[in-house]
Amino acid sequence: MVTETFKRLRDNQDGVVSFEYVIVAACIVAAVAAAFGAGGTGPIVDALSTAISTVASKVQSAVA
């Protein structure tokens with residue numbers, strides 16, 4: 001059953017694109033988890049924290 005699923009995924013071009021998105025999403029999640037997990041510190045945490053704060057502030061301003 002798993003083999004058939006992989007064969008269909010390989011033959012389906014749309015499936016390949018979505019599979020690539022899953023891989024990219026997993027990499028992004030891993031990077032964020034590494035930065036913020038277990039008391040992460042450093043330039044990545046600082047950059048992500050600043051970016052998230054900026055986005056949140058702009059969204060709050062747009063809604064208000």
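Buried means under 20% relative accessible area, exposed means over 50%, and partly exposed lies in between (1.4 Å probe, protein chains only). This is a predicted model, where local features need pLDDT of at least 70, side-chain atom pairs count only at pLDDT 80 or more, and totals for chains, interfaces and linings use all residues. Residues are numbered from 1 along each chain as its sequence is written, and side-chain values use heavy atoms, with hydrogens and water left out.

View 1. Helices (H or I, at least four residues) and strands (E, at least two) are DSSP runs, numbered from the N terminus. Of 64 residues, 5% count as buried. The protein exposes about 5400 Å², and carbon and sulfur atoms supply 69% of that area. Areas come from the Shrake-Rupley method with a 1.4 Å probe; for residues, only the protein chains shown count as cover.

**View 2. Confidence is highest in helix α3 and lowest in helix α1.** pLDDT is the predictor's confidence in each residue, from 0 to 100. Helix α3 (residues 43-63) has a mean of 85, and helix α1 (residues 2-11) a mean of 64. The protein averages 75, with 69% of the residues scoring at least 70.

**View 3. V24, I28, V32, F36 and I52 make a nonpolar surface patch of about 430 Å².** Patches take residues with over 30% relative accessible area and no salt bridge; like charges are joined within 9 Å, nonpolar side chains (Val, Leu, Ile, Met, Phe, Trp, Tyr) within 5 Å. A salt bridge is a side-chain nitrogen of Lys or Arg within 4 Å of a carboxyl oxygen of Asp or Glu. Helix α2 (residues 13-36) gives the most to the patch, with four residues. V24 sits in helix α2. V24 counts as partly exposed because its relative accessibility is 46%.

**View 4. F36 is in contact with V45, L48, S49 and I52, leaving aside its neighbours within four places in sequence.** Contact means heavy atoms within 4.5 Å. F36 belongs to helix α2. Its relative accessibility is 36%, so F36 counts as partly exposed. The C-alpha atoms of F36 and D46 are separated by 9.9 Å, with the two residues 10 apart along the chain.
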